Amino acid sequence: MKLKDKVCIVTGAASGIGKAIADIYAGEGGKVVIADLNLEAAQKAADDIVASGGQAMAVAMDVTSEEQVNDGVAKVIAAWGTVDVLVSNAGIQIVNPVENYAYSDWKKMLAIHLDGAFLTSKAVLPHMYAAGSGSVIFMGSVHSKEASPLKSAYVTAKHGLLGLSRVIAKEGGKKGVRTNVICPGFVRTPLVDKQIPEQAKELGISEEEVISRVMLGGTVDSEFTTVDDIAQVALFFASFPTNALTGQSLVASHGWFME
Ligand code: NAD
């Protein structure tokens, strides 16, 4: 068991990548907090983990609300006393060219991805510092390192997470806290399924071409990355035994982006 009784908060864990991370953490003995905007789906995900013998609780949390983030972390502390791992994963996608990108959508995107990472980190770091250990993981993207048309806010936010992660790595180093970023390629989740018809319309190509050219055209084997691939990377970062691995980012994208 790589995470025996470690308290792990995963935001956006009611669906997709976050849910797979919550499942793998629970399977490794972690006490998992499913923190999500969608409380009903979060409760279902937590119930499923408990039903299969794991430890989990659901917490309602809009990561853009300082009050909800702080309340959610307070509930975790009241129940389980500490936070060992934070995976700031909640996210959405809105595609549009810059000239048509609504300012309100831009602000919403930066709020969920960047304010969410900042607020959840701010809330858990005092507990990690008090314990002298902790692992913070941000869900970046290949778009933390590469750009695509139609994704101004997403690319900007995902690049920004690298900066925030490196600052926390430097501030937290002497206090036993490390921070790293996971950078997935395209993973078939509701977030990706929603943008296939949207991109087809904007780019004037078929949905099949969006998949074969835009999403998989740059990969080495025309394959989607899976939620389980990313969960394995999240387990690696969370359970790494020393603080040598900090301030880093790891791309898992079937070779779409290489560095
Ligand atoms: P998803 O839509 O399956 O799940 C996202 C979850 O986040 C949902 O449960 C949703 O309710 C929750 N959420 C949305 N807004 C929230 C908020 N304000 N507060 C709390 N929870 C909120 O999406 P996914 O594909 O699993 O994406 C998860 C993360 O992975 C995102 O940060 C996304 O940018 C990143 N990512 C996804 C891909 C991909 O191809 N799917 C690739 C790279 C990075």
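The largest pocket of this predicted model has a volume of about 830 Å³, where a pocket is, on a 1 Å grid over the protein atoms alone, an open set of points with protein on both sides within 12 Å along at least five of seven lines, and a volume is the space filled by probe spheres set on points that are joined across faces, edges and corners. Of the 41 residues that line this pocket, Asn 89, Ala 90, Gly 91, Ile 92 and Leu 191 are the closest to its centre, a lining residue being one with an atom within 4 Å of a point. At least two lining residues each are supplied by helix H1 (16-27), strand S2 (31-36), H4, H5 and helix H6 (190-203), and the greatest contribution, 5 residues, is that of H6; helices (H or I, at least four residues) and strands (E, at least two) are DSSP runs numbered from the N terminus. By class, the lining comprises 20 nonpolar, 16 polar and 5 charged residues, with Ala, Val, Leu, Ile, Met, Phe, Trp, Tyr, Cys and Pro counted as nonpolar, Asp, Glu, Lys and Arg as charged, and the others, Gly among them, as polar.

Residues are numbered from 1 along each chain as its sequence is written, and side-chain values use heavy atoms, with hydrogens and water left out. As the model is predicted, local features need pLDDT of at least 70 and side-chain atom pairs count only at pLDDT 80 or more, whereas totals for chains, interfaces and linings use all residues.

The second largest pocket holds about 200 Å³ of space, and of the 17 residues that line it, those closest to its centre are Lys 6, Ser 133, Gly 134, Arg 178 and Ala 238. Strand S5 (134-139) and helix H8 (227-239) each give at least two residues to this lining, which is made up of 5 nonpolar, 8 polar and 4 charged residues.

The largest cavity contains about 50 Å³ of space, and its lining is formed by Thr 11, Val 63, Ser 88, Asn 89, Ala 90, Ile 112, His 113, Gly 116, Ala 117, Met 139, Lys 158 and Leu 161. Helix H4 (103-131) and helix H5 (152-172) are the elements that give two or more residues to this lining, and the largest share, 4 residues, comes from H4. Sorted by class, the lining of the largest cavity has 6 nonpolar, 5 polar and 1 charged residues.

The second largest cavity, with about 30 Å³ of space, is lined by Leu 162, Ser 165, Arg 166, Val 181, Gly 247, Gln 248 and Ser 249. Here H5 and strand S7 (248-252) each supply at least two residues, and H5 gives the most, with 3 residues. The lining of the second largest cavity consists of 2 nonpolar, 4 polar and 1 charged residues.

Around the ligand there are 29 residues, of which Ser 15, Asp 36, Tyr 154, Val 187 and Thr 189 come nearest, a residue being counted as near if one of its heavy atoms lies within 4 Å of the molecule. An oxygen atom of the ligand lies 2.7 Å from an N or O atom in the side chain of Ser 15, and for the side chain of Tyr 154 a distance of 2.7 Å is likewise found between an N or O atom and a ligand oxygen. At Val 187, it is a polar backbone atom that is 2.7 Å from an oxygen atom of the ligand. Thr 189, in the loop between strand S6 (177-184) and H6, counts as buried because its relative accessibility is 8%, buried meaning under 20% relative accessible area, exposed over 50% and partly exposed in between (1.4 Å probe, protein chains only). The C-alpha atoms of Thr 189 and Gly 16 are separated by 5.3 Å, although these residues are 173 residues apart along the chain.

Ser 222, in the loop between helix H7 (207-215) and H8, has a positive phi of about 55° and is exposed, since its relative accessibility is 52%. His 254, in the segment after S7, has a positive phi near 55° and is partly exposed, with a relative accessible area of 22%.

Terms used: 1 Å grid on protein atoms, 1.4 Å probe; cavity = no way out; pocket = protein on both sides within 12 Å on 5 of 7 lines; lining within 4 Å. Polar contact = N/O pair within 3.5 Å; in protein donor to acceptor, adjacent residues only side chain to side chain.
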